[in-house]
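Could you walk me through this structure? I'm new to it and would like a plain tour.

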Amino acid sequence: RIAYVNGQYVLHRDAAVHIEDRGYQFSDGIYEVTAIYKGRPVDNDGHWDRLERSLRELRIDMPMTRGGLDLVAREVVRRNRVRNGIIYIQITRGVSPRNHPFPKDTPPSIVMTARHGLGSKPEVAAKGVSLISHPDIRWGRRDIKTVSLLPNVLAKQAAYEQHAYEAILVGPDGMVSECSSSNAWIVTKDGALVTRPLSNDILGGITRKRLIDLADAEGLRVEERSFSLDEAKAAREVFVSSTSSFAMPVVRIDDSVIGNGHPGSIVTNLRARYFDFLESASGP
Ligand code: PMP
């Protein structure tokens with residue numbers, strides 16, 4: 001395996017950054033994960049847009065042009081011979097003696113890695129997955145895709161320890177924000193799709209956006225509004241979305257069975273439309 005680290009392609013097992021990288025010391029950095037399907041990046045522009053926005057919000061300079069980053073990403077995919085997989089891109093504020101304020105004249109650090117394998121086994125989506133509810137203890141800028149993921153890690157670990165696929169994160173007001181590494185959706189009794197509107201409270205998922213467009217094209221009603229954990233537990237269907245889960249049906253939250261305990265027809269159809277999209281439009 002090959003990784004890209006600050007201008008060089010190196011063996012993955014030898015890839016390293018300095019101990020005084022601010023990503024390591026302060027989680028002062030951002031990342032992206034882009035799916036690679038049949039060798040091509042999926043929703044490439046959306047991911048680069050979000051990466052640029054995350055950097056801008058944290059006032060980290062773009063380390064090179066978007067075109068340059070894109071070339072490196074494709075080269076990492078090529079060198080690792082990834083057909084279906086993911087590329088991981090991380091940019092931090094760079095290496096500097098530990099001190100909280102931004103360092104001057106320090107170039108950002110860039111790391112890119114690629115991995116084979118995209119999505120879960122088909123059986124997982126066919127059966128549907130379970131969620132546990134978990135308090136959302138994160139900060140006020142969840143719209144930035146920062147590597148500061150400790151609350152997400154703790155929530156996901158709690159889910160895994162209870163043999164659940166994901167943790168659905170709930171604010172003190174009882175409202176769902178999203179999941180530890182995906183966006184949350186419900187389908188109402190009358191067949192409308194509901195997902196939380198974009199704000200500082202959630203990460204603007206690229207898959208979320210794509211599914212909204214696909215749902216619109218299917219003539220489904222999409223309501224961007226907040227919903228409570230109770231509403232989710234009583235919903236006709238529930239699903240989560242992310243770069244690697246696509247649209248993943250949920251059949252249980254905590255002790256509540258969703259619908260009849262099987263993936264619903266709306267998410268099943270939407271997932272199929274997402275596969276059509278992967279086939280048709282993931283290039284160039
Ligand atoms: N929310 C959070 C907290 C995430 O970490 C992710 C995935 N990185 C998402 C939502 C889904 O975003 P995307 O569809 O762009 O993968």
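Start with what covers the buried residues of α5: the cover includes β7 (129–135) and β8 (166–170). Keep in mind as you look around that this is a predicted model. The residues being covered are Asn 152, Ala 155, Lys 156 and Ala 159. Look down the axis of α5 and these buried residues fall within an arc of 95°, so they line one face of the helix. Turn to the face that points away from the buried side and you'll find the exposed residues Leu 150, Val 153 and Glu 161.

How does the length of α5 work out? The helix has 12 residues (150–161), and at 1.5 Å a residue they should span 16 Å; the end C-alpha atoms are 16 Å apart, which agrees. After α5 comes His 163, which has a positive phi, near 60°.

Now step back to the whole protein. Its secondary structure comes to eight helices and 15 strands, and its C-alpha atoms fill a box of roughly 55 × 40 × 30 Å along the principal axes. A compact globule of 284 residues would have a radius of gyration near 19 Å, and the protein agrees, with 19 Å. Buried residues make up 41% of the 284. Of the contacts with a separation of 6 or more, 70% are between residues 24 or more positions apart.

Setting aside residues up to four places away in sequence, Phe 277 touches Arg 210 and Leu 214. Leu 214 is 63 residues from Phe 277 in sequence, yet their C-alpha atoms are 8.5 Å apart. Phe 277 counts as partly exposed because it has 19 C-beta neighbours inside 10 Å, and a buried residue needs 20 or more.

Technical notes: Residues are numbered from 1 along each chain as its sequence is written. This is a predicted model: local features need pLDDT of at least 70, side-chain atom pairs count only at pLDDT 80 or more; totals for chains, interfaces and linings use all residues. A residue is buried if 20 or more other C-beta atoms lie within 10 Å of its own, exposed if 12 or fewer, and partly exposed in between; C-beta atoms are placed from the backbone. Two residues are in contact if their C-beta atoms, placed from the backbone, lie within 7 Å. Helices (H or I, at least four residues) and strands (E, at least two) are DSSP runs, numbered from the N terminus. The radius of gyration is taken over C-alpha atoms; the globule rule is 2.2 Å times the number of residues to the power 0.38. The expected span of a helix is 1.5 Å times one less than its number of residues. The arc is that of the directions from the helix axis to the C-beta atoms.
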